[in-house]
Amino acid sequence: MKRLLVLSPLVLLLAACGGGDPAASLAAAREAQRVEDYPTMRAKALEVLDHHAEDPAALALLARAQLMLGDGDGAQATLQRWRAAGGSGAEITRMLAEAALLRGLPRKTLDYLGKDGSPDAWRLRAAAHIAQDEAPAALDAFRKGLAAGDDYQLARDYARFMMTAQDDAGTREALDRVRRLGPDRLDTLLLQGQFAQRQGRMVEARAAYVAAAKRYTARVEPLLALAQGADLAGNLDEAIGWINRAEKIAPTDTRVVSLVVQLASEKGDWERVRKIMAPNEGTLDPRSPDGLSYAEALLNLNHPEQARAIFAQALLLSPQNPYSRLMLAQAQLATGDAATALRTIRPLSDSVMAGRRELTLALHAAQAAEDPSAAALAARLNAPQLERIQQLSNAGQSALIRRDWAAALAAYRSLPGFDNDPEVLRRLAQAATGLGRHDEAIGYADRALTFAPRNPDMLHMAGLTRLNAGRDHDQAVRFIEQASELDPANPLFHADLARAMHAPG
């Protein structure tokens, strides 16, 4: 069967230009830049260079396209060609700095920038500091850049940073600046949608994503956002429809592939998940959504030993991930190691939020291991209040996602035994600090910490509640620093540490 080549609408529109007219190709590259279609921009710039290898305008367009596509090596090579063709100046130096960042060389980025005080230079410094887990320095660079003048990419990246830090006031202020500098830009529409979604304004979020999808037909990002939103709303078939459209545009884009895998997992199409992921098994991060989906596919396709190995590594790398813990226990039970499975699942089955799935797995493990806890687990599983507990737990989680703090407080406080469960207490602290009930928030966070003093999530919440209250500044910094040290890959912890270190002491 022949495979169809799917072209972007811009490519179809400009196909008449062909590759034989360098002037037409250069115009097409500039038009592609205007509509943020960077693959076409790159292709048309290359057409010009096929005729005039040292054309400075084409080299500049090619380098910019490569940077926007995340191709640091390609941009580095193009920029060197541009320099050899006579290009010079601060703009090329900043582009070389960005290429170095994409190549994983943040120190080189800072070296290139030197004393450049432009807003774009400060944007790149902030990105380099983020790459080096230096969130306070990144925040300082963002603020200096904003003071230096207006720059769309700087404002956009700062808004993303504030959103990661869950600083709603800061995000709103940053978004106002983004909208002023680029009201119809793709990233502006996406940021508006993301912020609305974070605040539970799902209709507004969807409208922003639909507007972006209509305006930027060659880009997959709005389609991915629409697919994820539909999935969160429980509309799996709609989500699959959006991701199918994204696949037609960019079938090899890693973001598209990851969401295809996620949705196939939800649909129970394990053979498709295995087929997509197996060629990349050696490079998969076991704690990533792709790695976890692949392991679950292996488990469901009767390869429990392979699945167990992946889940064990995932839990080792992210010990707070309940999904990894649940699936590891399931794999351990499938391999006949019931006693170990019971030990693995207990932190989840012992929780007051434990639902039917956790309790059933723990009961099966206890029965297979002939453990005396089986009777108590069976009693909890058959208790008439289990359905109510699951309803309250689900309601609390849903409320946290919507940022409906009052509803979250009400749901979690209704759980029997909530005041002796560290995870429930942490969630209560999150809801209380969201409502500005600072004494209550700090009390919940500190009680959670007494149960799990080395848990990074509990440490972070103990620091965050103090930071939001404007109290015990030094202690807030210490708590969030400890959380960052225990979970160094967590971007929220780094962003909140930056906020804490820049807050008045």
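1. Basis of the reading. The model is predicted, with local features requiring pLDDT of at least 70 and side-chain atom pairs counted only at pLDDT 80 or more, while totals for chains, interfaces and linings use all residues. Residues are numbered from 1 along each chain as its sequence is written, and side-chain values use heavy atoms, with hydrogens and water left out.

2. Confidence. The chain averages a pLDDT of 92, and 96% of the residues score at least 70, pLDDT being the predictor's confidence in each residue, from 0 to 100. Over residues 1-18, however, the pLDDT is below 50, and this stretch has 18 contacts in the model beyond near neighbours in sequence, a contact meaning heavy atoms within 4.5 Å. Where pLDDT is low, the predicted coordinates should not be read in detail.

3. Overall form. The chain holds 30 helices and 0 strands, taken as DSSP runs numbered from the N terminus (H or I, at least four residues, for helices; E, at least two, for strands). Its radius of gyration is 26 Å, close to the 23 Å given by the globule rule for 505 residues, so the chain is as compact as a globular protein of that length; the radius is taken over C-alpha atoms, and the rule is 2.2 Å times the number of residues to the power 0.38. Along the principal axes, the C-alpha atoms fill a box of roughly 80 × 65 × 40 Å.

4. Of the 505 residues, 50% count as buried, where buried means under 20% relative accessible area, exposed over 50%, and partly exposed in between (1.4 Å probe, protein chains only). Among contacts in the chain with a separation of 6 or more, 51% come from residues 24 or more positions apart.

5. Two loop residues with positive phi. Asp133, in the loop between helix 8 (119-131) and helix 9 (135-148), has a positive phi of about 60 degrees although it is not a glycine, and is partly exposed, with a relative accessible area of 46%.

6. A buried helix residue. Val210 belongs to helix 13 (residues 202-215) and counts as buried, at 19% relative accessibility. Val210 and Leu223 are 13 residues apart in sequence and, C-alpha to C-alpha, 8.1 Å apart in space.
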